[in-house]
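Subject: Structure handover: disulfides

Hello,

Here is the structure we spoke about. Please open it alongside this note.

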Amino acid sequence: MKLRKQVTVCGGAIFCVAVFSLYLMLDRVQHDPARRQNGGNFPRSQISVLQNRIEQLEQLLEENHQIISHIKDSVMELTDTGAVSPSGHLPFRSANGSWVLPFDGRPTFLAVKPQDCQSALGSHGQADVQMLDVYSILKFDNPDGGVWKQGFEITYEADEWDNEPLQVFVVPHSHNDPGWIKTFDKYFTDQTQHILNNIVVKLPEDPRRKFIWSEISFFAKWWETADTYKQEAMRKLILGGQLEIVTGGWVMTDEANSHYFAMIDQLIEGHQWLERNIGVTPRSGWAVDPFGHSATMSYLLKKANLTSMLIQRVHYSIKKHFASTRSLEFMWRQAWDTGSKTDIFCHMMPFYSYDVPHTCGPDPKICCQFDFKRLPGGRINCPWKVPPKPVVEANVAEMANLLLDQYRKKSKLYRSKVLLVPLGDDFRYDKALEWDQQFNNYQKLFDYMNSHPELHVQAQFGTLTDYFSAVYKAKGVAQGSRPPDFPVLSGDFFAYADREDHYWTGYFTSRPFYKSLDRILESHLRGAEILYSLAVASARHVGMEGRYPISDYALLVDARQTVGLFQHHDAITGTAKENVVVDYGTRLLRSLIGLKRVIINAAHFLVMKNKDFYRFYQTEPFLETDDRRATQDSLPQRTLIELDPAGPRYLVLFNPIEQERLCVVTVLVNTVRVRVLTEDGQTLPVQLSAQWSSASQMSAEVFEATFMVRLPALGLAVFHLYDSADSPLTLRSDTLLRLSGRGTSARALDPLPVRSQQAEPQTFFISSQALTLGFSGTTGLLESIKRKDDPQEIKVQIQFMVYGTRPSKDKSGAYLFLPDGKAKPYNQKEPPVVRVVEGPLFSEVVAYYQHFQQTIRIHNVPGVDGLSIEITTAVDIRDQTNKELAMRLVTDIQSGDVFYTDLNGFQMQPRRHLMKLPLQANFYPMPSQAYIQDSNNRLTLHTAQALGVTSLESGQLEVIMDRRLMQDDNRGLGQGLKDNKKTTNRFRLLLERRSIGNMMMDSATTSFPSILSHMTNSFLNHEVLSLPVLPKRRGVPPLETFAPLKSILPCDFHLVNLRSIHSQKDPHSPSAYTALILHRLALDCGLEAQNLGFNCTTSQGQLSVSGLFRTLDLQLLQPMSLTLMHPSTPLTNDSSISLDPMEISAFKLKLR
């Protein structure tokens, strides 16, 4: 009874406050110039004054209605918590110390159909070869195999080819890195342009000559400078089949660190260029240099309608195993595929390298004699001390037989009588002389072999597709089909070792600053593509395309090509020379600045309430960017919003994810007297905090204002910021500095209170409505997590560890991780300064160490944003020598030797920690997440940048944060890693509980995140952009929320991209068409469902595209292959499209 009385009193108090607020609002409406402007721009006659008053009344009634409903919700919230506000104001602290907020009042529901859960994927397609099993059975020993050091002796019978002659395809190629030892432009000038010029001259000399080319970034640059004669000659060679474009991506992408968004984007960029300029569609994939291979790549190539692919850098023990079982050619199937529709034919090269000594057969000493660029007198020779000699009448028989012996031995490792022999190396064929040396000498050998039927061989130059077509023909199957006796494989090929225990696992982390910048650029590119497509379609819809800056398309193209270039396997990997890294960084920053402009221009148009007031001035942007970077290697500075008592500042927030988003947003302001209102005038709770320049120094001019917002999916929302005397909803953070007593003291600057105290060793806590975190009193680092609804506290301890490198001749470098044993704990003499900040919207603990500063923050809001822990670690190891800093999570989760890492942000791959392998072999790439689990809990570490990860003990996850290495690791780079930057690594840590009776549905080969986990990753990787409206002399015209989606997207659909397609006439301007790329997420529903803060429903993969966009008409809906080269029959505009779990599909739309 007493409680009810209190609640009634409290409700009454709130009501009084509300009525008083109404009075204030009315008062403000009459004095607020911005409001007056909203009334229209008529002369102020009696009628318009009356009209304005009526509008104001309507608006106030609406606001009153909202306030009343908020009071209701707040009272409900109070009744729930049994807490009563002492002053009638909200938010406030309840007796147990937790904050009670004005409730967001919108009930949300989670309705995931059981059919949309991972178990619905049914029985998984059976692969004959499962890579996890291969790892289990192999010894990973390294006995001497004779001439083929890492293999075995190969023998054959002389009559094996009597009935079916050996068909040999020698495929000349030149591997061109778009940046490595030299920059992209320098390579082009010095070498690549000469190679491409030679193709045009030397291939037509003999129609039997063939060549393949892969990197479109170089090819497009050559095309731009070539005259029409050269262009025509090149086109003729391609269409005539003498020159084949293989893969056709912008680059030959890294497969470990790159995100599938960028892998797809660079493939589209290359394929669209080819379609526009040549009119050719690639059929075969060629990846000879990425340092390990991902199953994501095989899926994307299949979806782009390629029929076959080739890989090369695979662990030498696996190559040997596959060679001995003749499994080097297989159908590569996705682990989650229930049938065979993801199968793609894959050829694995058997030997050490893609150079000539390692491609003709098992004996490099003999093969080197058939690399005719190494003829005596040239710049390179054969390390095996037997040089090549020109083929002449006198030696042709001997040489042909010597080479044929190698061909036959190599062919014994495969299941068909067709043999692939690549002939090339890095930047080969740049001189006319080399073309003559290779092609003329080989042609003599082929002529000899082919004119001697007793040799039972047919040898010729060929392209990659010539080879694959011959295999299919020999086996009697259609292009891309599975030959009857060929194995099916699923899994991936990490980690890669090329010899001894030299594992290429260092590059999973090398140069993390740029790995992070790459992802920020990708998120901006996706956001800019979506907003630009919607803005241009909206401008067309209202007949204003002439006034919209459609020329921004050139900035999008530039950014696509920069993101594409950076996916190259020496760029995002961190394995290029220092000056090349600076060149990449400069390009990344230039494109980022361009994308921010595209976003601002689109947002400006879309939030204008009355489009007639829309004016675009190139020199006078309407909005500011959210942050700025001084140089390509500096961290961003957030934009300060200067509030002015004279009137409001407007803020536009962009939510780039496809679901409504409830989250906290922080902006920098110049005063503590800040009040934030929604577009409809509702005051929001604000938490004010200091901006800290060091552990104990705060700024007197700049403050952080944090508030909770609900943003429309893919939308823009408008907020008003006022400099106004204290609003009851603006609360100051409570800040405590925990000091070690060594002279540091807190410099409290009024008006923000700071307390300081001696650090005690016992655990201290921070909590939110969902979580309570425990921290070590001595280290200031996380110790435990307790969920509100769980009596059990889970140990989750963060430790920092340091690896050295070995003292022997082989040391860690940009590629290799060669540690000097187990990691040692990081320690410093001084105890850290620890800052604890608590408040109604967020609480955080910041620990300052010499080489890193870690911030652990929780948000006190309902939904996704409040259910995980935000971890930001600023790392600076520039004064270290041969050290690698690791962050280790130590928990009591009984994970055994199994952990899970993602491949390219697309799919999860189970991993096993193997004791038989050296420590460095157990590290894997983590582009977006890794988790460990047992029958009760799953702990996921989500990451905003690719880093190397492992689990070395049960219950552990460990991430390498940065590495500083003083020497080269003998893989051609010729430098160590000494250009470290101050880097911010960002994570979200999510602890989930398995629901009762749902004790692990994961099979040994597949695993999937929960819907909450997918959304957490989205929140982390696609941050809200805060775009302040620049003050205008003439006042700001009326603005309104832009919410593009008419219906909610099923929450297992991810909008990968909404990409404006270029016009056929001008590649730097858009056509009327847009590519919609969707990915249907696979869900593990065995983890306890939580309130996500938005309405989440699934639809068994069905989506109506015509009902998706508000105010836009859909005039075309056409399914396409992934890179938009292969169209299917257009669907009727009201059709539903359908995607299977894990499927990525592309559609061509016409919106206006």
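Below is what turned up on its cysteines.

First, the ground rules. This is a predicted model, in which local features need pLDDT of at least 70 and side-chain atom pairs count only at pLDDT 80 or more, while totals for chains, interfaces and linings use all residues. Residues are numbered from 1 along each chain as its sequence is written, and side-chain values use heavy atoms, with hydrogens and water left out.

**The overall count**

The whole structure was searched, and four disulfides came up. A disulfide here is a pair of cysteine sulfur atoms within 2.5 Å. Number the bonded cysteines of the protein chain in sequence order, and the pairing reads 1-7, 2-3, 4-5, 6-8.

Two more terms are needed. Helices (H or I, at least four residues) and strands (E, at least two) are DSSP runs, numbered from the N terminus. Buried means under 20% relative accessible area, exposed means over 50%, and partly exposed is in between (1.4 Å probe, protein chains only).

**Cys117 and Cys1085**

The link is left-handed, with -90 degrees about the S-S bond. It connects distant parts of the chain, 968 residues apart. Cys117 sits in the loop between strand 3 (110–111) and strand 4 (129–130). Cys1085 sits in the loop between strand 48 (1070–1080) and strand 49 (1096–1097). Cys117 has 8% relative accessibility, so it counts as buried. Cys1085 is partly exposed, at 29%.

**Cys368 and Cys382**

Here the S to S distance is 2.0 Å. This link is left-handed, with -100 degrees about the S-S bond. Both cysteines lie in the loop between helix 11 (364–367) and helix 12 (396–411), so the pair ties together parts 14 residues apart in sequence. Cys368 and Cys382 are both buried.

**Cys1051 and Cys1096**

The sulfurs of this disulfide are 1.9 Å apart. The torsion about the S-S bond is about 65 degrees, so the link is right-handed. Cys1051 lies in the loop between strand 46 (1025–1028) and strand 47 (1053–1062), and Cys1096 lies in strand 49, so the pair ties together parts 45 residues apart in sequence. Cys1051 is buried, and Cys1096 is too.

**Two further cysteines**

Cys346 is buried, with a relative accessible area of 0%. Cys663 is also buried, at 3%.

Best wishes
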